Structures are given as C-alpha cells and as structure tokens.
Amino acid sequence: MSEFDEKALLERTSKAELEAKSIEAELDKLTNGDLSSAVDSRLDQLLQENEKLKHRLAIIENAIKAESNLSPKMESRKRPKLITDISTVEGNICLLDELKNIFEIAITSAYPNLVDPPVVLTLSGNNPKFGDYQCNSAMPISHLLKSMNVSTNPREVANNILNKTPTSPLIERIEVAGAGFLNIYLNKKFAEHVLNCILQYGVRPPPVKKERVIVDFSSPNIAKEMHVGHLRSTIIGDSICRILDYLNHDVLRLNHLGDWGTQFGMLIAHLQEQFPDYKTCSPPISDLQAFYKESKKRFDEDEEFKKRAYSCVVQLQSGQPDYIAAWKLICEVSRREFQKIYDRLDIRIIDRGESFYQSRMDAVVKELKDKGFLEEDEGRLIMWGDPDTHEGIPLTVVKSDGGYTYDTSDITAIKQRVDEEKGDRFIYVTDAGQYTHFVTIDACARRAGILKNSQKIEHVGFGVVLGEDKKKFKTRSGDTVKLIELLDEGLKRSLDKLVEKGRDKVLTPEELKKAQEAVAYGCIKYADLSHNRVNDYVFSFDKMLDDKGNTAVYLLYAVTRIRSIARNAQVSETKLLEEATKSGFKLEHITEWKLGKVLLRFPEVILKVTNDLYLHSLCEYLYEISSTFTEFYDKCYCIQKDKSGNIVDISYERLMLCEVTAKVMEKCLEILGIKTVSKM
C-alpha cells in the first residue's frame, strides 16, 4: 500500500470514529429525553405544544387537588324511607317532612352531581289553584347549574325534578307552574285516614329523638315579690317545657332563684333584731318586700347596722348553723309566696337557687385557673370566650376582693347541668338584654371543654311589658306592678265580662268559677304568647278580654261552642267512633277539605316551635283553625232541625270533623298552659 493510500485511510478512519462518537452522544441525549440536536422545525413545534399540554395538565391536577381538599367529600347519602301505604300512617305524621323526603329523592335523582342541593318546600297560601304545598327548588338549582356552565332554566329544572319524583299516597298530583314552581296537591284519602286516626287515638306527638333538656326560667329573687317583669319568663318558660314534655323529651324545669349574696347579711341582721326568738317561734313576716325595704333603709343609713350585716354575711358563708337557719327561714317565706302564683298559673318548677352552686364554685374556679383560662385584669380574674380577639365582654370569674359573681355562678351551673344532669340542650328564658351574657357563657363553656359537640345554650329572649301609654308597665304611683295584684285584677275583670254576657244566669257557681279562672289566667298567658317574644307588647285587659279576634276569650268560646254541637245533638264520642268504623271520614265540601288540611299541619307547627322556640306561631295556627272552622260551620250543617226545633238529620261525618277540631285546639291550648272548660 502506498504512503498516500495509508494516509487517506487514517483520515477516513479518524472521521468515522468522530461521527460514531457524535452519533453515540446524540443517542445518549435522545435516551435522556434531550431533543435539542434535532433540527426539524415540525419537531420544535410539537415539542412546544407538548410543553403547553404538560403545563395545562399540571394546572388541572392542582385545581382538582385543591378542590378535593376544600370541598366536603361526597358521601353516599342514605335514601330517605318513604311512606308507600296509607294504612301504615298514624295521625302524628309531619306532612312537610315527608314531602321534603320525596323531593330530596327527586332532586338527587335528577341532579346526582350536585352536593347538598336545596330542597325548598312551603305552604302555597289560600289560593287552591297553586296547590297545597310548593316545591321552589328549581330556581336555586338553576342558578347552581349555571355557575357550573350548564345551560338551563328553572322550568326545565322543575320538569326534570317532576320526572324523577316518586309516587306517594300523600300526593294526588304535581303540576309545573310559572317560572318553575312545582304545585303539590294533597290526596284527600290520605287526609281522611289521618283525621280518622286522630279521632280514634287522640292527638299524638310526632316522633323525635329524645333529649335531656334543661329549661331555666322565672327566677325571682328571694325577699322580693314577683312582679310583672317575671311574668314573661314564667309564662314563656312554662309553655316551652309543655311542648317539650309533649314530645316526650326528658325535661328539667329549673327556677334559678336569687337566694345568695350580700343582701342576706342585712336581712339576717334585721331578723335577729326584730324577732330575736325566730329560732323557736316563726316570725309573722307576711310582707317580705316591706321587710326587705326596712333592712335596706337601715343598711344605707346606720353604719353600725351595716357592720353587723357584713358580719352576718361572713357567718352565713362560713356555714354557721344559726345564720343558715335564719337564711332558710327567709327563703322559705319567699318560696311560699312564689308558690301561690305558680299554683294559680299552673306552673310546675323546681327551685334551685344560686346557693346550690356555691359548694361547686371553688372547684370550677380552680379548674379554670389550672388550665390557664383566667387572666388577671385590675385585680380581677376574667375569662374571654376568644382569648385571641378579646371580642365582647369577658366573664368576671373572681372579683378583686376574692368574691364570686353571677358569672361564676352561671359557668358553674352550666358545668353542673352538663356533668351531673347529663343535659343535651340548655334553654335560658330571660329578657333580651341578657343575650350577650349567654353568648359569652356559651363561648367560655366551649373553650373550657364543658360544652361538647351538639350540646348548646339557647337564649330565649323577650321584650318588655308596656302599659297602654306605651311606657314600661307600672302602677299609677310609678311602682312596679306586683304579679299577685295583676292576677287578682284579671279575676275581677273576667268575672265582670262573664256577668255582662249573662253567664252567671246559666252556669252553676262551680262552672262560673272555672270559667272565670280559665278566662282570667288564659287571657294573660295568651296575650303574652301570641306576640313575637322578642318584641315589647302592650298589656291591656280590655284587649285581652275581647271576645273577637285572636284572643284567649275568643278561642275558649270557640272550643266550648264546638264541643256543644255534639252535646246538643246528644251524640257521644263513643257513638262517633262507631260511625267512624262504619263510614269513616268524608271531606266532600270545599270547606271541609280546607279545614281538614289545616288540621293536618299540627305536627309541622309543633316541630317548628320546638326548634325555634317562638310560641306565637302556635297561637297563629290555633287562630287559623278557629277561623277555618267558622267558615266550615257557616257553610255546612252538622245537625238539621225542623221548625219546632226537633232534630231531623245528623251529619256524623261532620260531627267527626268537629270532634277532631276540638281535640287539636284543646291540645294547642294545653301546650300554651291554658285550661279549657266545657261550659262558659
């Protein structure tokens, strides 16, 4: 081989080696995903598109991850069990709840991807062309779908819901109206069955989960007379207890008496001086209010007496037997006077004053202190509901002098009611001005771990009782109106009203007395309960005793009149039950059907009041029953008589409707604490 050929061969070999290394390097890059050496412009474009897609995919994945963290996870909701057979229904069914179950199934079937879709059911009002109830869910669901970029409208949504609505023996038909309203027409056979159940078995409560409920109401102060200011708490609290009792809850009615404090020092000192033999001979203290005023006057004017009073407080709080005996005597005198009012108003309540919690306060304060919940503030120990924001007003748990306060008593009381009474629900019936206090008690109790989970404090606030001059209700001399005197005045005025109507001529003395008390106490209670409790109301005997309009007198007369219809026809309840077995209910006339539908709503109203504790809703319902009955009675005869007054025909079906109406009205009045009478 020539020298030239050898040189050329070396050059080609070297070049081939370089190309091989270059190819090897490119292969390594390709293997590692590096396409930078590629020169095709189309490949560059594809690479750019690929990067964009990767970026968009990352955004979507992050959004899905964030949404799953923020939104509640959809759980497979248990499908409500629906009524399929009328014969299985009892008279205590809550119609509204069953309709909500029906439309929950319909809506979740029509729109399974919506989380907690709104199920909106309302009464339709008095126009029968709009049905008996309305489902108004289509509009809000339409808005939800549009926010998810789903093109639709309320009427289309309503038709989709209608197509998925399961059949029910409660419903005759459903119509889509207007801009997506679903008008629901009830099945008359269902209503007749329920009313027949009420006739046979009485007005049974709707089923609810049983709870232990503590109701704190009335709460007068020892050594002071109950006045009109205690009226609202006593009446409202008692009715709340009655409705909870009716629903078979375990109710504890507590009277948080003001039976402890420095004022007892001056009362004991005054007792010792005025009646030195009080331990062996019960002192004749008939007017404890005057006794209190005398001791207060001496406390304010006599320094020596004030010193003795403070000394008595120390002896009382240290448990010295003679002082405890004097304190118990004063408390007992007050309790006897309070009980007279409770007996007249038919109030059941257990006295449990501030003194009950004294022995528990030390332990509660120590626990709060040990756990770091208390802060020092100008010598006081206070507790905030929210220690970070310091919003609102703190509880003063320990005063600068080391004494305890009402706040200490209340936080101790809620702990006792949770730990010892095992309460689920804690209701306080006081004036509206104490709302903030109970918000703070709730917040502090939760912070301290006293209240847990669903346990809750509910403040039932109420407005002020006004005189007819629209000012705070007082006597002409400007004093607070004593409750006992108010009840006496009510008795006098109710008797005058009955005599004015000539009822003293037809009623026996015993019947007249029962009617007098029913009207007097009933009108006072109803005047209070028929107003929205958060509002002030004007106390007027003239309005209370009016026998027209939404008053207790009108309603008591209405029940008595309804009861008299069957009595005058000499038809007993046993006879009505026999006829019901033969023919059952028949709601044929339009006013019969209207009255029947109003009566069906009793469980619905009861459950509403139990939840929101606004008793005026029950009063409005009671008045609606009475007004609807009057309309029915004016259009439909129950008993036909000839010109001589002899009965020629009896409509047993209508007498059955009268009987059920009376039963429901009587149950409403019983819950309101108002006694009915057979004659008045």
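**Cysteines, rings and loops**

Tutor: Cysteine 197 counts as buried, at 8% relative accessibility; buried means under 20% relative accessible area, exposed over 50%, and partly exposed in between (1.4 Å probe, protein chains only). The model is predicted: local features need pLDDT of at least 70 and side-chain atom pairs count only at pLDDT 80 or more, while totals for chains, interfaces and linings use all residues. Residues are numbered from 1 along each chain as its sequence is written, and side-chain values use heavy atoms, with hydrogens and water left out.

Student: Is cysteine 135 buried or exposed?
Tutor: Cysteine 135 is buried, with a relative accessible area of 0%.

Student: And what about cysteine 94: where is its place, and is it buried or exposed?
Tutor: Cysteine 94 lies in the loop between helix 2 and helix 3. Helices (H or I, at least four residues) and strands (E, at least two) are DSSP runs, numbered from the N terminus. Cysteine 94 counts as buried, at 9% relative accessibility.

Student: How many disulfides does the count come to?
Tutor: The count comes to zero disulfides, where a disulfide is a pair of cysteine sulfur atoms within 2.5 Å.

Student: What else lies in the loop between helix 2 (41-70) and helix 3 (95-110)?
Tutor: Proline 80 lies in that loop. Proline 80 is buried, with a relative accessible area of 16%. Between the C-alpha atoms of proline 80 and isoleucine 105 there are 7.3 Å in space, and the residues are 25 apart in sequence.

Student: Let us turn to the rings. How many aromatic pairs does a search of the whole structure find?
Tutor: The search finds 10 aromatic pairs. Rings of Phe, Tyr and Trp (its six-membered ring) pair if their centres lie within 6.5 Å; planes under 30 degrees apart count as stacked, over 60 as edge-to-face and the rest as tilted. For tyrosine 554 and tyrosine 623, the ring centres are 5.7 Å apart and the planes stand at 65 degrees, so this pair is edge-to-face.

Student: Which helices do tyrosine 554 and tyrosine 623 lie in?
Tutor: Tyrosine 554 lies in helix 19 (residues 552-568) and tyrosine 623 in helix 23 (residues 616-635), so the pair ties together parts that are 69 residues apart in sequence. Tyrosine 554 is buried, with a relative accessible area of 19%, whereas tyrosine 623 counts as partly exposed at 28%.

Student: Which residues form one aromatic cluster?
Tutor: Phe473, Phe539 and Phe541 form one.

Student: What sits over the ring of phenylalanine 299?
Tutor: The charged end of lysine 306 does, 5.2 Å from the ring centre. The rule requires NZ of Lys or CZ of Arg to be within 6 Å of the ring centre and within 35 degrees of the ring normal. Arginine 352 likewise lies over the face of phenylalanine 356, at 4.6 Å from the ring centre.

Student: Now backbone angles. What is phi of serine 219?
Tutor: Phi of serine 219 is near 50 degrees, a positive value in a residue other than glycine. Most residues other than glycine have a negative phi. Serine 219 is found in the loop between strand 5 (212-216) and helix 7 (228-246), and is partly exposed, with a relative accessible area of 25%.

Student: And what is phi of glutamate 378?
Tutor: Phi of glutamate 378 is near 50 degrees, again positive in a residue other than glycine. Glutamate 378 is found in the loop between strand 8 (375-377) and strand 9 (380-383), and counts as exposed at 76% relative accessibility.

Student: Finally, where is the place of histidine 459?
Tutor: Histidine 459 is in strand 12 (residues 456-462) and is buried, with a relative accessible area of 17%. Histidine 459 and aspartate 216 are 243 residues apart in sequence and 9.8 Å apart in space, C-alpha to C-alpha.
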